[in-house]
Amino acid sequence: MEPLLAHLLDAASRAPSAHNTQPWRLRWRGDHLLVVVPADRMLAAADPTGNDVLHAVGALLENLLLTLAQRGYEGSYETASRLDPGSAVVTLRWRAADAARPDSTLYRMIPLRRTSRLPYRRDPVPAGVRVDLQEAARPCMLHTLDDPAALDELRRLVARATAVQLADAAIARELHAWMRFSPRDPRWYRDGLNAACLGWSSVEAAVARHLLAPRTLALLSRLGLHRVLCADVNQQSPPAPMLCMLALRGDGVAPRIEAGRSLQRTWLTAAAHGLVTHPVSAAVDVAATRPRALELMGLSAAERPVNLFRLGYSAPPARSPRLPFDEILERGDE
């Protein structure tokens, strides 16, 4: 395998995505790379607009560009006008760079960045760190919230929105399909949300496996009992010293991919400060809770939400599983 390709594949394998679907295939052409979204890795129910897929592709692209820069290349890319599964959504090219290699801080954070669903310490996020995160988010806007009363209200909105999503049969089936409840599942080390990354014990995973089964959840929803599963706010949206919302102006394929790049830079910058993150975007994904969530986070009418996430310090979380390289790489002209 070409050394550059090996580095790019390693960087690609560490990009975040909703439900850890890893919705990309890389078509290597020797002098350029095509990023393709397979239809079977899109979330038709939870992400009908495809925005979360585009954000994931943007995060992938940021990892690739950071890697190219550290390998002595200048990267450039083109984005498609629309998201068409099976066709290239990004075409990445590179040439030898004339300038010196840039600071390597974010590149070195690619393997260290973590999503943590574990309890967060109460330590506040320093003001200087907040400034660094907002700079990393540009050209997007990063809104932050640390007022205790507002945090509690927003966390309750997350729990309420999660209950709404669980009552949607299509979303519930899709979520269950991407969950891995036991290491005996052959997909445990490949993709999806496994119990270790969710911070569940074996007993919690066994209970969740039955309660979140589509038939069981459908019955609970008909009886209105699904809300009981989301009654514990500390489980659905655990406490954190800060909640953050990345927002953009504009819409479409290119702006959403750029937003994904901004999101990844923000999370890599957080990692450089010893921080972890955890998306809790249900409150902005559900129509009933979205207006108040956006109001609490201070978004203007011209801004569109990208991702709502917890920010703070936690014990080291388990690393999410990743697909093997031979399953994300396609060679030749096929």
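## Loops and helix contacts in a predicted model

Asn20 sits in the loop between H1 and S1. The labels follow DSSP runs numbered from the N terminus, where a helix is a run of H or I with at least four residues and a strand is a run of E with at least two. The model is predicted, so local features need pLDDT of at least 70 and side-chain atom pairs count only at pLDDT 80 or more, while totals for chains, interfaces and linings use all residues. Residues are numbered from 1 along each chain as its sequence is written, and side-chain values use heavy atoms, with hydrogens and water left out.

**Loops and backbone angles**

Asn20 is not a glycine, yet its phi is positive, at about 55°. His19 lies in the loop between helix H1 (3-12) and strand S1 (25-28). His19 also has a positive phi of about 55° without being a glycine.

Where is Pro139 found? Pro139 belongs to the loop between H4 and strand S5 (141-145). The peptide bond that leads from Arg138 to Pro139 is cis, and its omega is near 10°.

**Buried and partly exposed residues**

Buried means under 20% relative accessible area, exposed means over 50%, and partly exposed is in between, with a 1.4 Å probe and protein chains only.

| Residue | Relative accessible area | Class |
|---|---|---|
| His19 | 21% | partly exposed |
| Asn20 | 5% | buried |
| Glu62 | 3% | buried |
| Leu263 | 7% | buried |

Glu62 is part of helix H2 (residues 51-70). Leaving out residues up to four places away in sequence, Glu62 touches Arg261, Gln264 and Arg265, where contact means heavy atoms within 4.5 Å. From Glu62 to Ile257 there are 195 residues in sequence but 9.6 Å in space, C-alpha to C-alpha.

Leu263 is in helix H12. Apart from neighbours within four places in sequence, Leu263 is in contact with Leu246, Asn307 and Phe309. Leu263 and Glu295 are 32 residues apart along the chain, and their C-alpha atoms are separated by 21 Å.

H2 has 20 residues and spans 29 Å from its first C-alpha to its last, close to the 28 Å expected at 1.5 Å a residue. The expected span is 1.5 Å times one less than the number of residues in the helix. Of the 20 residues in H2, 18 are buried, and the helix is mostly covered.

Helix H5 (residues 148-166) has 19 residues, and its reach of 27 Å from first C-alpha to last is close to the expected 27 Å. The buried residues of H5 include Leu151, Arg155, Val158, Thr162 and Gln165.

**Helices that cross**

Helix axes here are lines fitted to C-alpha atoms over the stretch in contact, and angles run from 0 to 180 degrees between N-to-C directions. Angles under 35 degrees count as roughly parallel, over 145 as roughly antiparallel, 65 to 115 as roughly perpendicular, and the rest as oblique. A crossing is right-handed if the near helix is turned clockwise from the far one by less than a right angle, and left-handed if anticlockwise. For residue classes, Ala, Val, Leu, Ile, Met, Phe, Trp, Tyr, Cys and Pro are nonpolar, Asp, Glu, Lys and Arg are charged, and the others, Gly among them, are polar.

The axes of H2 and H12 come within 6 Å and cross at roughly 60°. H2 is therefore oblique to H12. Their crossing is right-handed. Residues in this contact include Leu54, His55, Gly58 and Glu62 of H2, and Ile257, Gly260, Arg261 and Leu268 of H12. By class, the contact of H2 with H12 has 10 nonpolar, six polar and four charged residues.

The axes of helix H4 (residues 127-137) and helix H12 (residues 253-272) come within 8 Å, at a crossing angle of roughly 155°. H4 and H12 are therefore roughly antiparallel. This crossing, too, is right-handed. Asp132, Leu133, Ala136 and Ala137 of H4 make the contact with Ser262, Arg265, Thr266, Thr269 and Ala270 of H12. The classes in this contact are four nonpolar, three polar and two charged residues.

H1 and H2 have axes that come within 8 Å and cross at roughly 145°. H1 passes H2 in a right-handed crossing. In H1, the residues Leu4, His7, Leu8, Ala11 and Ala12 meet Leu60, Asn63, Leu64, Thr67 and Leu68 in H2. This contact has seven nonpolar, three polar and no charged residues.
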